[in-house]
Amino acid sequence: MSPYVVLSIGFLAQVFFSARILVQWILSERAGKVLSPSLFWILSLAGAYLLCLYGWLRNDFSIVLGQFISYYVYLWNLKEKGIWKSIFMSLKWILLLTPVVAILFVCRNAEAFMRDFLRNDSIPLWLVIFGSSGQILFTLRFLYQFYYSRRRGQSVLPAGFWILSLTGSLLIVIYGCIRLDAVLIVGQSVGFVAYIRNLYIGCRDKKIEHGKDERI
């Protein structure tokens, strides 16, 4: 496949990811509190699908791993938001089974996968480990969000989510600079301001709530 097509897929994925952050940020600013809008999760799923494809075409294990970890968390949030029930049944099956099919394909071609993704001369093993660490940390924010939301009984984006976002994003940008991957550098850099702003809004809300509790 043409490298320009592969690059286009990667940038389109980052467009979805950047759009989700902008939507969440704008709606949160209007509401004066950190929100978890439905569109955030729809755009997340679309971006993850495309970025996973981009990582696969680039033989980049860390990118693929990162998207796999958070994929079903996106689906769960769509369910919590009531979006899942309105999706066509055929599309539901495609969304549910895509990771399973990918894993089965890897199992059937394990040797080729190891050669292309983990023993790739263009990506040393130490760099694979570094990039994967950044992706895992960045993706852990969604596992944390899932755990936190399950305890609260609703889909929310807590402060810990934004702290993990900032830290993981920084590591991925460093990885992208080493790999000379413009998709990762541009995509991850877009969210920095929004992550910091959401942290500020969340901390401000906690202080306000704490002040109210003390007055009571």
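How much space lies in the largest cavity? The figure is about 180 Å³. The structure is a predicted model, in which local features need pLDDT of at least 70, side-chain atom pairs count only at pLDDT 80 or more, and totals for chains, interfaces and linings use all residues. Residues are numbered from 1 along each chain as its sequence is written, and side-chain values use heavy atoms, with hydrogens and water left out.

The structure holds 1 cavity of 30 Å³ or more. A cavity is a set of points, on a 1 Å grid over the protein atoms alone, where a 1.4 Å probe fits but cannot get out. Its volume is the space filled by probe spheres set on the points, which are joined across faces, edges and corners. Lining residues have an atom within 4 Å of a point. The largest cavity is lined by 20 residues, and Phe17, Arg20, Phe138, Arg141 and Gln188 are the closest to its centre. H1, H3, H6 and H8 each give two or more residues to this lining. Helices are DSSP runs (H or I, at least four residues), numbered from the N terminus. The lining comprises 8 nonpolar, 10 polar and 2 charged residues. Here Ala, Val, Leu, Ile, Met, Phe, Trp, Tyr, Cys and Pro count as nonpolar, Asp, Glu, Lys and Arg as charged, and the others, Gly among them, as polar.

A search of the whole structure finds 2 salt bridges. The term denotes a side-chain nitrogen of Lys or Arg within 4 Å of a carboxyl oxygen of Asp or Glu. In one, Arg197 pairs with Glu29, and the closest N and O atoms are 2.4 Å apart. This pair links distant parts of the chain: Arg197 is in helix H9 (residues 192-215) and Glu29 in helix H1 (residues 3-31), 168 residues apart. Arg197 is partly exposed at 26% relative accessible area, and Glu29 is partly exposed at 32%. Buried means under 20%, exposed over 50%, and partly exposed in between (1.4 Å probe, protein chains only).

Arg58 forms a salt bridge with Asp181, with 3.1 Å between the closest N and O atoms. Again, distant parts of the chain are linked, 123 residues apart. Arg58 sits in the loop between helices H2 (38-57) and H3 (61-80), and Asp181 in the loop between helices H7 (159-179) and H8 (182-190). Arg58 is partly exposed at 28%, whereas Asp181 is buried at 2%.

Gln135 lies in helix H6 (residues 125-152). Gln135 is buried, with a relative accessible area of 3%. Leaving aside residues up to four places away in sequence, Gln135 touches Ser62, Ile63, Gly66, Gln67, Ile172 and Leu184. Contact means heavy atoms within 4.5 Å.

Conventions. On a 1 Å grid over the protein atoms alone, a cavity is a set of points where a 1.4 Å probe fits but cannot get out, and a pocket is an open set with protein on both sides within 12 Å along at least five of seven lines; lining residues have an atom within 4 Å of a point.
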